[in-house]
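Thanks, everyone. I will go through one structure this morning, beginning with a helix and ending with backbone geometry.

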Amino acid sequence: MIQRAKHQSAYAERFACGRGDALVVVDVQKDFLPGGALAVPGGEEIIDPLNRFLDKFSRLGLPIFATRDWHPRSHCSFREKGGPWPAHCVAATPGARFAEGLRLPSRSVVVSKASDPSRDACSGFDGTDLDARLRKAGVRRLVIGGLSTEYCVRATALGALVRGYSVSVIEDAVRALDPGGGRRALDELAEKGAVLLRSEAAAV
Ligand code: ZN
């Protein structure tokens, strides 16, 4: 009973954030949005919810990180190389750009990943300096949204949890390639200690 009440309050209460918190926007790139090479259904619907958090973190001067897939043309995850995906987010092409309308401030730290042709990297921590940068900024909790729920959001959130960070995932600021897989990923993250919240919580 107590557990249930606690869980519900996580949605109802305003999300208080401050020193030690960072916003991590995962792979909100054109190729992952409708019309892109590897479109996530409803991917464009996360931009408004993410902007609420971007505005809040901007206003409070808190750290903002944005990860991006930054693949070479012949990346191993592409079908032509025997991988599972169509070619997407090739470095410096229009499809690799961040979504239009996403209010990333210019001071955001951009973390490029999966730029080694022979390795894929779903987690923002994989092969990057994200962990070092977060520690340097004194970050203890990550607030995460982006694409897609069951791949790069899941992997980044798990990567944060195993490194000892607290994690909050903005439920309405993530979308899955497969809705069932997305639900399972959120359940798994909650089970492992992530807090699920909604963007209304960012309202002033
Ligand atoms: Zn990729």
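In H4, the buried residues are Thr149, Glu150, Cys152, Val153, Ala155, Thr156, Ala157, Leu158, Gly159, Ala160 and Leu161. That is eleven of the 14 residues in H4, a helix that is mostly covered. What covers these buried residues? The cover includes strands E1 (21-26), E3, E4 (141-147) and E5 (166-175), along with helix H5.

Before going on: this is a predicted model. The average pLDDT of the protein is 93, and 93% of the residues score at least 70. Residues 1-10 are below 50, and that stretch has three contacts in the model beyond near neighbours in sequence. Where pLDDT is low, the predicted coordinates should not be read in detail.

Back to H4 and its neighbour H5. The axes of H4 (residues 149-162) and H5 (residues 179-191) come within 9 Å, crossing at roughly 10°. H4 is therefore roughly parallel to H5, since the angle is under 35 degrees. On the H4 side, the contact is made by Thr149, Glu150, Arg154, Ala157, Leu158 and Leu161. H5 contributes Gly181, Gly182, Ala185, Leu186, Glu188 and Leu189. By type, the residues of this contact are six nonpolar, three polar and three charged.

Last, the backbone. Most residues other than glycine have a negative phi, and most peptide bonds are trans. Cys89, not a glycine, has a positive phi of about 45°, and Ala92 has one near 65°. Cys89 is in the loop between E2 and E3, and Ala92 lies in the loop between E2 and E3 too. Are they buried or exposed? Cys89 counts as buried because its relative accessibility is 0%, whereas Ala92 is exposed, with a relative accessible area of 66%.

The peptide bond joining Leu147 and Ser148 is cis, with omega about -20°, and Ser148 is found in the loop between E4 and H4. Just after H4, Gly164 takes a positive phi of about 90°.

That is what I had.

Key:
Residues are numbered from 1 along each chain as its sequence is written. This is a predicted model: local features need pLDDT of at least 70, side-chain atom pairs count only at pLDDT 80 or more; totals for chains, interfaces and linings use all residues. Side-chain values use heavy atoms; hydrogens and water are left out. pLDDT is the predictor's confidence in each residue, from 0 to 100. Contact means heavy atoms within 4.5 Å. Axes are lines fitted to C-alpha atoms, for helices over the stretch in contact, and angles run from 0 to 180 degrees between N-to-C directions. Helices (H or I, at least four residues) and strands (E, at least two) are DSSP runs, numbered from the N terminus. Angles under 35 degrees count as roughly parallel, over 145 as roughly antiparallel, 65 to 115 as roughly perpendicular and the rest as oblique. Ala, Val, Leu, Ile, Met, Phe, Trp, Tyr, Cys and Pro count as nonpolar, Asp, Glu, Lys and Arg as charged, and the others, Gly among them, as polar. Buried means under 20% relative accessible area, exposed over 50%, partly exposed in between (1.4 Å probe, protein chains only).
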